[in-house]
Amino acid sequence: MKKWLKQQDNLYKEWLKLVVRSVQKLNQLYIKSVVKKALEEDLRPRGDITTKIIISKNKIIKARIIAKQDGVIAGLEFCKAAFKIIGRETVFIKKVADGKKIKKNKVIAEIKAKTKTILTAERTALNFLNHASGIATITNQFVKKISKKTKICCTRKTTPNLRT
């Protein structure tokens, strides 16, 4: 009987891993589609004009995203997706995880990619990161002020179709 229970437990754990992977894959597909739409909107009709005039646009460079103020980080997967969609060569290294508090002037992420990739994607990437982090920071302030019996579901600043 114990052996059977252990087998059932192992099967359940394997099933759960598959479910989690499937949800993560769906989330990644969703993130990619939302970011792709935002990039298309940002780059319409002529692409990134500034990047077109730079001579060394194919040179691999490093960039850092640095916090301008204390807050709670959110939206890193959207930010990463913007760089990856524009340039497959992108290496995106998170220095802090979503949901974590961060202090002013701390590095949030480092990006290694072609100059044109970083310049083309940075506005859209930072828009997602700033928007989501702003919501996370304000929501965190609300959570600190309420009792444990109250639950905050979403704020009026939550973007439709980006609620979790």
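In this model, which is predicted, A63 stands opposite I111 in β5. Strands and helices here are DSSP runs, numbered from the N terminus, with at least two residues (E) for a strand and at least four (H or I) for a helix. β1 and β5 run antiparallel and are joined by seven bridges; two strands count as paired if DSSP finds at least two bridges between them.

The sheet is open and has three strands in the order β1-β5-β3, with antiparallel pairing. β1 (60-66) and β3 (91-94) are the edge strands, each pairing on one side only. On average, neighbouring strands are turned by 15° against each other, direction ignored. Axes are lines fitted to C-alpha atoms, for helices over the stretch in contact, and angles run from 0 to 180 degrees between N-to-C directions.

Two helices pack on this sheet. α3 touches β1, β3 and β5, and its direction makes about 165° with that of β3. α4 touches β1 and β5, at about 150° to the direction of β5. Contact means heavy atoms within 4.5 Å.

Now the core. The largest nonpolar core has 25 residues, of which V35, I65, F83 and I108 touch the most other members. Such a core is a set of buried Ala, Val, Leu, Ile, Met, Phe, Trp, Tyr and Cys residues joined through side-chain atoms within 4.5 Å. Two or more residues come from each of α1 (2-43), α3 (76-86), β5 (107-114) and α4 (115-145), and α3 gives the most, six. Leaving out residues up to four places away in sequence, F83 touches I65, T90, F92, I111, T117, I118, A121, E122 and A125.

Next, the aromatic rings. There are two aromatic pairs, with ring centres of Phe, Tyr or Trp (its six-membered ring) within 6.5 Å; planes under 30 degrees apart are stacked, over 60 edge-to-face, the rest tilted. F78 and F128 are stacked, at 5.3 Å centre to centre and 25° between the planes. Because F78 lies in α3 and F128 in α4, this pair ties together parts 50 residues apart in sequence. F78 and F128 are both buried, meaning under 20% relative accessible area, with exposed over 50% and partly exposed in between (1.4 Å probe, protein chains only).

Two backbone points remain. The R44 to P45 peptide bond is cis, with omega near 0°, and P45 is in the loop between α1 and α2 (49-52). N105, in the loop between β4 (101-102) and β5, has a positive phi near 75° although not a glycine. N105 counts as exposed, at 56% relative accessibility.

On conventions, residues are numbered from 1 along each chain as its sequence is written, and side-chain values use heavy atoms, without hydrogens and water. Local features need pLDDT of at least 70 and side-chain atom pairs 80 or more, while totals for chains, interfaces and linings use all residues.
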